[in-house]
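Open the model in your viewer and keep the selection tool ready. We will go from one stop to the next.

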Amino acid sequence: MEWNDYLTGVFLALGSFLALTGGVGILRMPDFYSRLHPAGKTDSLGQLMVLIGLCFQTSDWLVLAKLGLIVSFLMLTAPTATHAITKAAWLEGLRPWQRPGDAENVYTRKHPDKRAPYFSAAPKDPLASSTSAEQGQQLEASDE
Amino acid sequence: MGTVLTITMFSLMASILMTLVRALKGPTSYDRILSVNAIGTTTVVGVVVMGFLKGRPDFLDLAVVYALVNFVATVAILRFVEQRRLG
């Protein structure tokens, strides 16, 4: 075993661990928005680690160039795809999951929908409306 | 070196299997799209590792093509789900 084999082993072990945790996270997280975390971050870092580890196994510059090309493609497209999925889901009306015991669910209360519990026709931007209401209360308080 | 590459290949396949279970279970279509995208990313890495395992660097070209096709497919499926039509 040369030094580059040890380096490759470390990077591949890290990449394998990240890939496994990504799979477990996608399988076991409670809702779509929390599944984005293992799918978007862990997979990107895992593939980066594996491909960097493989870079030490070759001396051919063409293979190195192709590996760099694959890394740059994946690092460009994976976050873009994750962002597109998230935006499409939010615009469709999918809202984050909360525990049933939580009293305040700003996304799903007062707006029952036949597609519940996964979809709910919440107002377009509940965070903006709530903040504007709070600002209005603050203005009224300052007037008093 | 072959042992390390084989172990990496097996862990990638286990990750793909777990992601596939999520793609089959759903419950929303966005979970399925996300899972298929993650499977595609893992498959690209698996193709590269397989090329190094078999000593065939030609597999890297397949990985480049698969990465591009995976991204285009994800965006196309998203547009179809969003607008119920392509174009």
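Are F32(A) and Y30(B) buried or exposed? Select both. F32(A) is buried, and Y30(B) is buried too. Buried means under 20% relative accessible area, exposed means over 50%, and partly exposed lies in between, with a 1.4 Å probe and protein chains only.

Before moving on, some ground rules. This is a predicted model, where local features need pLDDT of at least 70 and side-chain atom pairs count only at pLDDT 80 or more, while totals for chains, interfaces and linings use all residues. Residues are numbered from 1 along each chain as its sequence is written, chains are lettered from A and ligands numbered from 1 in the order in which they are written, and side-chain values use heavy atoms, leaving out hydrogens and water.

**Stop 1: chain B**

From the N terminus on, the order is α-α-α. Helices (H or I, at least four residues) and strands (E, at least two) are DSSP runs, numbered from the N terminus. Chain B has 87 residues, and 45% of them count as buried.

**Stop 2**

**Stop 3: the rings**

Over all chains there are 4 aromatic pairs. Rings of Phe, Tyr and Trp (its six-membered ring) pair if their centres lie within 6.5 Å; planes under 30 degrees apart are stacked, over 60 edge-to-face, the rest tilted.

Return to F32(A) and Y30(B). This pair is tilted, at 6.2 Å centre to centre and 55° between the planes. The pair crosses between chains, from helix α2 of chain A to helix α2 of chain B.

Next, select Y33(A) and W90(A). Their centres are 6.4 Å apart and their planes at 75°, so this pair is edge-to-face. Y33(A) sits in helix α2 and W90(A) in helix α3 of chain A, 57 residues apart. Y33(A) is buried at 18% relative accessibility, whereas W90(A) is partly exposed at 26%.

Finally, show F32(A), Y33(A), W90(A) and Y30(B) together: they form one aromatic cluster.
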